[in-house]
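My notes follow in the order I looked things up.

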Amino acid sequence: MAISEEDYSYVQWKDLKNTQDQTVYSFGLIVQKMRTEVTNLINTTGEQASSTPLTQSNFVSLKILFRLKECMLSIELLISKGLARDAAVLLITLMKLRLEMQYITRNPSHAGDWISDYKQNKSTWSVDFLIRELFPNNEDHVTERSNYEYLLKMKQSDPMGSQPSFPVKDNDFTHTDRNDLAVCLFCEGSECYRTLKAASADFSDSGFSISANENAIEELNELKEKLLSLREIKRSKV
């Protein structure tokens with residue numbers, strides 16, 4: 001007797017409902033559009049690559065943009081199901097990608113080191129090193145460290161701290177603060193914006209025409225910041 005398709009499946013998916021929160025939904029729409037701009041920047045560069053050869057730093061930029069796009073989609077899927085702790089793990093990856101992109105844009109000669117280690121599946125620089133090199137100013141340095149440590153704390157938060165009941169059931173999921181979900185999406189959008197800015201500068205310096213992409217990126221970031229302002233005003237009135 002033939003084996004049915006269902007018998008081949010060893011992963012049984014539960015019906016995980018999407019997070020019902022207007023702020024999370026609104027930030028989610030913005031970061032989805034920002035992810036589209038990552039794709040657009042990749043395509044714009046690819047279309048011009050036959051007449052404008054890629055430099056080593058351009059190659060790194062494209063690699064980082066592809067990884068950025070992949071991470072963003074994963075974060076959005078996790079947030080839609082209320083899994084902020086796991087999203088924070090990928091947000092740390094986004095932050096490191098952004099720092100690497102900024103470091104290479106500042107000095108394209110570092111691209112060779114990145115490529116060499118990338119081929120060996122190695123990380124070239126630590127987050128601490130990148131923050132020290134990129135942000136020698138004490139105030140900026142403190143801000144970057146604070147953001148990094150915030151994500152680390154979210155990642156390492158106690159999964160038993162909000163366990164709904166005992167005994168634990170297979171389909172039980174710990175409660176996640178909706179504020180954490182919105183913050184994760186805002187952080188995702190911010191890291192995406194800053195990575196796109198650095199990558200755009202790298203491509204532009206190499207002679208690629210990306211002004212339309214840069215305008216679209218700025219418009220979406222302004223929309224994200226306005227939404228944050230409206231959210232803060234609303235909270236202050238509560």
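I started just after α5, where Asn121 takes a positive phi of about 55°. This is a predicted model, so I read that angle as a computed value. Asn121 has this positive phi although it is not a glycine. Most residues other than glycine have a negative phi, so I made a note of this one. I found Asn121 in the loop between α5 and α6. Is Asn121 buried or exposed? Its relative accessibility is 74%, and since the cut-off for exposed is over 50%, Asn121 counts as exposed.

Next I went back into α5 itself, which spans residues 111-119. Which residues of this helix are buried? I listed Ala111, Trp114, Ile115 and Asp117. I then checked what covers them, and the cover includes α3 and α4.

That sent me to the α3 and α4 pair. Helix α3 runs over residues 56-80 and helix α4 over residues 84-106. Their axes come within 9 Å and cross at roughly 165°. Angles over 145 degrees count as roughly antiparallel, so α3 is roughly antiparallel to α4. I also noted that the crossing of α3 and α4 is left-handed. On the α3 side, the residues making the contact include Val60, Ile64, Leu68, Met72, Ile75 and Ile79. On the α4 side, I picked out Leu90, Leu94, Leu97, Met101 and Ile104, among others. What is the make-up of this contact? It divides into 16 nonpolar, four polar and three charged residues. Among the charged ones I spotted Arg67 of α3, with Asp86 and Glu100 of α4.

Then I looked up the largest nonpolar core. It has 59 residues. The ones with the most contacts inside it are Val38, Leu65, Met72, Ile79, Leu94, Leu99 and Phe203. The largest share, 13 residues, comes from α4. My background note here: nonpolar side chains tend to be buried together in soluble globular proteins.

Val38 lies in helix α2, residues 22-48. Its relative accessible area is 0%, so Val38 is buried. Which residues does Val38 touch, leaving out those up to four places away in sequence? I wrote down Leu65, Leu68, Lys69, Met72, Cys192 and Leu196. I also checked Val38 against Thr195, which is 157 residues apart from it along the chain. Their C-alpha atoms are separated by 9.5 Å.

Over in helix α8, residues 178-205, I stopped at Ser200. Ser200 counts as buried because its relative accessibility is 2%. Beyond its neighbours within four places in sequence, Ser200 is in contact with Leu41, Ile210, Glu214 and Ile217.

I finished with the overall tally. The protein has nine helices and zero strands. Of its 238 residues, 40% are buried. Taking contacts with a separation of 6 or more, I found that 79% join residues 24 or more positions apart.

How values were computed. Residues are numbered from 1 along each chain as its sequence is written. This is a predicted model: local features need pLDDT of at least 70, side-chain atom pairs count only at pLDDT 80 or more; totals for chains, interfaces and linings use all residues. Side-chain values use heavy atoms; hydrogens and water are left out. Helices (H or I, at least four residues) and strands (E, at least two) are DSSP runs, numbered from the N terminus. Buried means under 20% relative accessible area, exposed over 50%, partly exposed in between (1.4 Å probe, protein chains only). Contact means heavy atoms within 4.5 Å. Axes are lines fitted to C-alpha atoms, for helices over the stretch in contact, and angles run from 0 to 180 degrees between N-to-C directions. Angles under 35 degrees count as roughly parallel, over 145 as roughly antiparallel, 65 to 115 as roughly perpendicular and the rest as oblique. A crossing is left-handed if the near helix is turned anticlockwise from the far one by less than a right angle, and right-handed if clockwise. A nonpolar core is a set of buried Ala, Val, Leu, Ile, Met, Phe, Trp, Tyr and Cys residues joined through side-chain atoms within 4.5 Å.
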